[in-house]
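Okay, thanks for making time, everyone. Let me put the structure up and then walk you through two spots in it.

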There are 2 protein chains.
Amino acid sequence: MTACPLCDAAGGRVVVQAPRWRIVHAQEAGFPAFYRLVWQAHVREFSHLPAAERAESMDVLVGMEQALLRHLQPDKVNLASLGNAVPHLHWHVIGRFAWDSHFPGAVWAQPQRPADPVRLQAVEERLAEVEQDLMSLAPRSP
Amino acid sequence: MTACPLCDAAGGRVVVQAPRWRIVHAQEAGFPAFYRLVWQAHVREFSHLPAAERAESMDVLVGMEQALLRHLQPDKVNLASLGNAVPHLHWHVIGRFAWDSHFPGAVWAQPQRPADPVRLQAVEERLAEVEQDLMSLAPRSP
């Protein structure tokens, strides 16, 4: 059995743990508004999830996107489930800004300009507000 | 009013037209198994869709992923809604192969090896089968 980085470790700073999923802050340099929704079970493809879990994951993704839009006013939110390097279901949810180093390219593409440390810091200072909303996405304990 | 490339044109070779969405073949060199689900209405973010339309789009995405898995046996399917360049809701659905030019990187990243024209051709020859399945995703006319 091959070790899986998302079975063995969180994959970022944990913001919320729920029974079937967790949200982590990706801690990628240059992209402070970068979170991941990681499925707790080791599943390769989105379509391998049962329908009820797909619906649950979509509701969480929408809540994550809305939290970014509400608190950070990004120019665009990027959603992506790639998993080529780590084939354990996870979604990248990234608030993108017209001034960021790669915009309008993907965060995986080549940079188009230097990072802007002042603006990046201003985004970082609002992550606590975003994360309050993310925590509210977890199902309430009975 | 700014012209929108996905309001003004299909965005690829049209495979299916449905009332609320269309599927196009992206025709990106080096990635024959690359389709897009384009929402017909001009909506920027996924969370701006009404819940019923989000659910419909997820069902279509899942059907697209399953069609790729069934007929092409990709090593991974990539799903992404970015829209930084064209902020009109569309999903990239891409069958990825361990031998493709960018694997395990994103298709937007730098290539890791030359394209393999023989294997690419073999994928292209099976797209008609994939597209039969994609056509079946459209709602039946009453």
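I'll take a strand to begin with, then a glutamate.

Quick housekeeping: this is a predicted model, where local features need pLDDT of at least 70, side-chain atom pairs count only at pLDDT 80 or more, and totals for chains, interfaces and linings use all residues. Residues are numbered from 1 along each chain as its sequence is written, chains are lettered from A and ligands numbered from 1 in the order in which they are written, and side-chain values use heavy atoms, with hydrogens and water left out.

So, strand β5 of chain A, residues 90-96. Helices (H or I, at least four residues) and strands (E, at least two) are DSSP runs, numbered from the N terminus. Seven of its seven residues are buried, meaning under 20% relative accessible area with a 1.4 Å probe, protein chains only. H90(A), H92(A), I94(A) and R96(A) point one way, while W91(A), V93(A) and G95(A) point the other.

What does β5(A) pair with? Pairing takes at least two DSSP bridges between two strands. β3(A), residues 34-39, is antiparallel to β5(A) over five bridges, with F34(A) partnering I94(A). β4(A), residues 76-81, also runs antiparallel to β5(A), again with five bridges, and there L79(A) sits opposite V93(A).

Now the glutamate, E131(A), in helix α4(A), residues 127-135. Buried or exposed, E131(A)? E131(A) counts as buried, because its relative accessibility is 10%. Its side chain makes a polar contact (N or O atoms within 3.5 Å, one able to donate a hydrogen and the other to accept it; sequence neighbours count only if both atoms are side-chain atoms) of 2.9 Å with the side chain of R13(A), and another of 2.5 Å with that of Y35(A).

Methods: Buried means under 20% relative accessible area, exposed over 50%, partly exposed in between (1.4 Å probe, protein chains only).
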